[in-house]
Amino acid sequence: MPKIKSVKALDNYILEITFDDGKKVHYDMKNDMNTLPNYYKLGENDLFNNYHLSESRAFVIWTEEIDLPSDILYEYGVEVQ
């Protein structure tokens, strides 16, 4: 599983993720917010901006019910420079 070096919340529910291997991606959360249980809550009370990185650096976590593993972010994020 790829390790996350840094994560930043951008406008319009986009995450900017940099991985240990130098790959940088933008991951659009809007589809997840519309399709996955509980993810709609990211649009409430500024929750989207209140994330943290797991100790293993393998997950971006918002709540016990809402997180994203690094392999999904790595595979489905759009690579940027």
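Visitor: Which residue has its backbone nitrogen 3.2 Å from a polar atom of the side chain of Ser 54?

Guide: This is a predicted model, in which local features need pLDDT of at least 70 and side-chain atom pairs count only at pLDDT 80 or more, while totals for chains, interfaces and linings use all residues. Residues are numbered from 1 along each chain as its sequence is written, and side-chain values use heavy atoms, with hydrogens and water left out. The backbone nitrogen that lies 3.2 Å from a polar atom of the Ser 54 side chain belongs to Ala 58.

Visitor: Which side chain does a polar contact of 3.1 Å join to that of Ser 54?

Guide: A polar contact is a pair of N or O atoms within 3.5 Å; within protein, one must be able to donate a hydrogen and the other to accept it, and residues adjacent in sequence count only if both atoms are side-chain atoms. At 3.1 Å, the partner side chain of Ser 54 is that of Ser 56.

Visitor: Is Ser 54 buried or exposed?

Guide: Ser 54 is found in the loop between S4 and S5; strands (E, at least two residues) and helices (H or I, at least four) are DSSP runs, numbered from the N terminus. Not counting residues up to four places away in sequence, Ser 54 touches Phe 59 and Ile 61, where contact means heavy atoms within 4.5 Å. Relative accessible area under 20% means buried, over 50% exposed, and in between partly exposed (1.4 Å probe, protein chains only). Ser 54 has 13%, so the residue is buried.

Visitor: What is the bridge partner of Ile 61 in S6?

Guide: S4, S5 and S6 form an open sheet of 3 strands in the order S4-S5-S6, with antiparallel pairing; two strands pair if DSSP finds at least two bridges between them. S4 and S6 are the edge strands, each pairing on one side only. S5 and S6 run antiparallel and are joined by 3 bridges. The partner of Ile 61 in S6 is Asp 67.

Visitor: How many salt bridges does a search of the whole structure find?

Guide: In general, side chains of opposite charge can pair when their charged atoms come close. The criterion for a salt bridge is a side-chain nitrogen of Lys or Arg within 4 Å of a carboxyl oxygen of Asp or Glu. Over the whole structure, the number of salt bridges is 3.

Visitor: How many residues apart are Arg 57 and Asp 20?

Guide: Arg 57 and Asp 20 form a salt bridge, with their closest N and O atoms 2.8 Å apart. Arg 57 is in the loop between S4 and strand S5 (59-61), Asp 20 is in the loop between S2 and strand S3 (24-28), and the pair links distant parts of the chain. Arg 57 is partly exposed at 30%, and Asp 20 is partly exposed at 43%.

Visitor: Why does the pair of Lys 41 and Glu 65 tie together parts that are 24 residues apart in sequence, and in which loop does Glu 65 lie?

Guide: Lys 41 forms a salt bridge with Glu 65, the closest N and O atoms being 3.5 Å apart. The pair ties together parts 24 residues apart in sequence because Lys 41 lies in the loop between H1 and S4, whereas Glu 65 lies in the loop between S5 and strand S6 (67-69).

Visitor: What is the N to O value for the salt bridge of Lys 30 and Asp 28?

Guide: Lys 30 is partly exposed at 27% relative accessibility, and Asp 28 is partly exposed at 35%. Their side chains meet in a salt bridge, with an N to O value of 2.9 Å.

Visitor: At how many degrees are the ring planes of Tyr 13 and Phe 48?

Guide: Rings of Phe, Tyr and Trp (its six-membered ring) pair if their centres lie within 6.5 Å; planes under 30 degrees apart count as stacked, over 60 as edge-to-face and the rest as tilted. By this rule there are 3 aromatic pairs. The ring centres of Tyr 13 and Phe 48 are 5.2 Å apart, and the pair is edge-to-face because the planes are at 75 degrees.

Visitor: The charged end of which residue sits over the ring of Tyr 74?

Guide: Tyr 74 is partly exposed, with a relative accessible area of 24%. A charge sits over a ring if NZ of Lys or CZ of Arg is within 6 Å of the ring centre and within 35 degrees of the ring normal. At 4.0 Å from the ring centre of Tyr 74, the charged end is that of Lys 23.
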